[in-house]
Amino acid sequence: MHLRYLLIAAAAGTMSIAAPAMADDMSRTAEKIATTVCQNCHGAKGDSVSSTFPRLNGQQEKYIDTQLKNFRDHQRSDPHARAYMWGMASQLDDATIAALAKYFAGQKPTLPQQGGALASEGKTIYENGAAAENVPPCQACHGDHGEGNDTIPRIAGQHSEYLKSQLEAFRSTLRESDVMHANTKDMTDRQIEALTSYLAND
């Protein structure tokens, strides 16, 4: 009986050693993918230089995980997703997606630039909304500083043209989201410009 318990204990010990080792291997795999494949569009450590591609550095881990699965499973059908990410995510399994999300979330985020042309106006909309156009305060979901939370993305420090294109896509339903369409459907072009001026960094 004692031998049986010893074998069980030994097996448990092996599993406890193997689990961190497997996690380390997956982290290394994710970093290799990020720095040899993803960086071609999203830049070193996710800090892209082209406004065509969003910054991923410091992005919310759960948001990246969810979006990569949506790309893989064709749950995001906007043109940008179809053109770039359906194919790129098609071979990713859940474990690799989780590791990539963790890698990018762990990178230092890009901060918003200060003093954009309409930044003051954008700050007011971000913090208080725009009642006349039924625009709620962005900070209610995206956080006091645009940092996001869980499946709600970080938007602070993003490229202005990327933010603008996504807000316009939500407004027109080119990118589907019931919540974001409701929040942007009556937003004016100037309000979009003001928000991006406040939040972005180019």
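Tutor: Helices are DSSP runs of H or I with at least four residues, numbered from the N terminus. The model under discussion is predicted.

Student: Which helix gives the most to the lining of the second largest pocket?

Tutor: Helix α4 gives the most, with five residues. The lining consists of Ala23, Met26, Ser27, Ala30, Glu61, Ala95, Ala98, Ala99, Lys102 and Tyr103. The elements that contribute two or more residues to it are α1 (2-42) and α4 (94-105). The volume of this pocket is about 160 Å³.

Student: How do the residues of that lining divide by class?

Tutor: Seven are nonpolar, one is polar and two are charged. Tyr counts as nonpolar under the scheme applied, whereas Glu and Lys count as charged.

Student: Why is α5 called roughly perpendicular to α9?

Tutor: Helix α5 (residues 119-128) and helix α9 (residues 189-199) pack at an angle of about 95 degrees, with their axes 7 Å apart. Angles of 65 to 115 degrees count as roughly perpendicular, and α5 is therefore roughly perpendicular to α9. On the α5 side, the contact is made by Ala119, Glu121, Gly122, Lys123, Ile125, Tyr126 and Glu127. On the α9 side, Arg190, Gln191, Ala194, Leu195, Ser197, Tyr198 and Leu199 take part. Seven residues of this contact are nonpolar, three are polar and four are charged.

Student: How many aromatic pairs are counted, and why is the pair of Phe53 and Tyr84 called edge-to-face?

Tutor: Rings pair if their centres lie within 6.5 Å, and the count comes to three aromatic pairs. The centres of the Phe53 and Tyr84 rings are 5.0 Å apart and their planes stand at 80 degrees. Planes over 60 degrees apart count as edge-to-face, so the pair of Phe53 and Tyr84 is edge-to-face.

Student: What parts does this pair tie together?

Tutor: Phe53 lies in the loop between α1 and α2 (61-72), and Tyr84 lies in helix α3 (residues 79-89), so the pair ties together parts that are 31 residues apart in sequence.

Terms used. Residues numbered from 1 in each chain as written. Predicted model: local features only at pLDDT ≥ 70, side-chain atom pairs only at ≥ 80, totals over all residues. Heavy atoms only, no water. Axes fitted to C-alpha atoms, helices over the stretch in contact; angles between N-to-C directions. Parallel < 35°, antiparallel > 145°, perpendicular 65-115°, else oblique. Contact = heavy atoms within 4.5 Å. 1 Å grid on protein atoms, 1.4 Å probe; cavity = no way out; pocket = protein on both sides within 12 Å on 5 of 7 lines; lining within 4 Å. Points joined across faces, edges and corners; volume = space filled by probe spheres on them. Phe/Tyr/Trp six-rings, centres within 6.5 Å; stacked < 30°, edge-to-face > 60°.
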